[in-house]
Amino acid sequence: MNRFVYADHAATTNVAPEVLEEMLPCFGAEYGNPSSLYGIGQNASRMVADARARIAKVLGAKPTEIFFTSCGSESDNWAIKGVAHANASRGKHIITTVYEHHAVLHTMDALKKEGFEITYLKVNEEGLISPEQLEAAIRPDTILVAMMYANNEIGTILPIKEMAAVAHAHKVYFFTDAVQAIGNIPVDVSELGVDLLALSGHKIHAPKGIGVLYVRTGTRIANLIDGGGQERSRRGGTENVAYIRGLAKALELAVEGLPDMKRVAAMRDRLAEGIAKIPYTRINGSMEHRLPGNLNVAFEFIEGESLILLLDMAGICASTGSACSTASLEPSHVLLSIGLPHEKAHGSLRLTLSHGNTEEDVDYILEKLPPIVERLREMSPLYETNS
Ligand SMILES: *Cc1c(COP(=O)(O)O)cnc(C)c1O
C-alpha cells in the first residue's frame, strides 16, 4: 500500500497548526493596519511589536535589529546590495562562496555589472571551507563576506563563528544566509558574532512569503523600500501582520524542537546505511559537518528527474538538486562545486527529513527506493556496458 512521505523539508515545509492558529485572528476581526491610531490598528501594531520582540529573543538580538521582509531571497538581496551600496566608498570587493543559494549568487552577478569585484571561495570535496581560505581572500578593499551557515543541497554546516571573527579582524562586514540552519541547529547572532543574518518562514513551518533580515546596530546598509516609514523607514510597506505573528510562533517552535533533531539525525543515518547497500552509490558531502535531516546521494547510471517521478508515484516527495533548479536541466552548481562530474550530479537525490517524519517513513523509502533505482538502471545503456 502507498504511503505519503514528505522528505523534501529543505524545499519547503507544511504550516504548523500552532502557527496557523496564531495567524487566524488577523484574517478575521483583527484586520487593522498597524499604522492606524484606533483600536484594531493599535492591536495590529502591538502584534507586530510582540512578534519582533519574540523573534529577537530567540535569535539573541535586539528588537530594533529585526527587519521583516517578504522572503529569504529578499533578505539575501537586501543584505548584500544594501551593504555594498552603503559602503562602496570604502571598497568594492565582496567575498562569497561558490555554492551559495541563487538568491546570493545572482545578487553578486547584479553587483558585478555595477563594478563590484567578487571572490568565490572554493569548497573541498566534502563541501567544507576553512577560515584560512577566507583570511587569504581578504583585501584592503573588501567590504563584505556573504557565506551561508548551512548548504541547502548537501547540508554542509560552515564554521560561521570563526569565519565572522576573521572578517571582523579586518573590519569587514559578515553576512550569513541561515535559512537552512534555523530549526536544525542553534542560531544565535550574539554567539555567532555576525552583522547580518537572513531567514525564511516557509523552511520552518511558517507560510511562504515572510522572511527576516537581522541587522546588527551600527551596520551601514542602504534602505530597501521607500514608503510609509515601516520597519524604521528602511523597508516600507504595510506589515504582513498575520505572517509576522506566524513567523514568531514558528521560530519558537523551531527552538523547542531542536532536541528532537537527534531523532531526525538517527533516522537520516539509518536511511543512509540502507541506501549505501545499493551498488554504485555515493553520499555527497560531509557526514560530520551536516544538517541532521539532510541526505544527498549520487546514483550512477541514473537520471535524477526520472527517479523523482517514480518516487512521486510511490508517494515519496524528494528532490534532485535544489527546487529552484528543477525547471532547468543544468546540473546543480553545488554538486559540481564538490567535484561531481555532470552525470553523477544529474543522478543525485536529496532527501531532507524533519520532525514530521517517522521510522515507518524510513522503512517505506528503503522498501521503495532500491527497486526503482534497479528499474531505471536496467533501462540505462551505460549500466549495461559499465557494470
Ligand atoms: C530557500 C532558501 C532561500 C530562499 O528563501 P525564500 O523564502 O524561498 O525566498 C535562500 N537561501 C537558502 C539557503 C534557502 O534554502
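**View 1. A look into the largest pocket, lined by 26 residues.** Nearest its centre sit Lys203, His205, Met261, Ser354 and His355. This is a predicted model, where local features need pLDDT of at least 70 and side-chain atom pairs pLDDT 80 or more, while totals for linings use all residues. A pocket here is an open set of points on a 1 Å grid over the protein atoms alone, where a 1.4 Å probe fits, with protein on both sides within 12 Å along at least five of seven lines; lining residues have an atom within 4 Å of a point. The lining splits into twelve nonpolar residues, 13 polar and one charged, with Gly counted as polar. Helix α8 (residues 241-256) gives the largest share, three residues; helices are DSSP runs (H or I) of at least four residues, strands (E) of at least two.

**View 2. Who touches the ligand?** Of the 13 residues around the ligand (a heavy atom within 4 Å), Ser73, Asp177, Gln180, Ser200 and Lys203 come nearest. A polar side-chain atom of Ser73 lies 2.7 Å from a ligand oxygen. For Gln180, a side-chain N or O atom is 2.7 Å from an oxygen of the ligand. Side-chain values use heavy atoms, leaving out hydrogens and water.

**View 3. Strands β3 and β4 side by side.** Strand β3 (residues 93-97) pairs with β4 (residues 117-121) in the parallel sense over five bridges; pairing takes at least two DSSP bridges. From β3, the chain crosses through helix α4 (residues 102-113) to β4, a right-handed β-α-β crossover: clockwise, with the strands pointing away from the viewer.

Definitions and conventions: Residues numbered from 1 in each chain as written. Polar contact = N/O pair within 3.5 Å; in protein donor to acceptor, adjacent residues only side chain to side chain.
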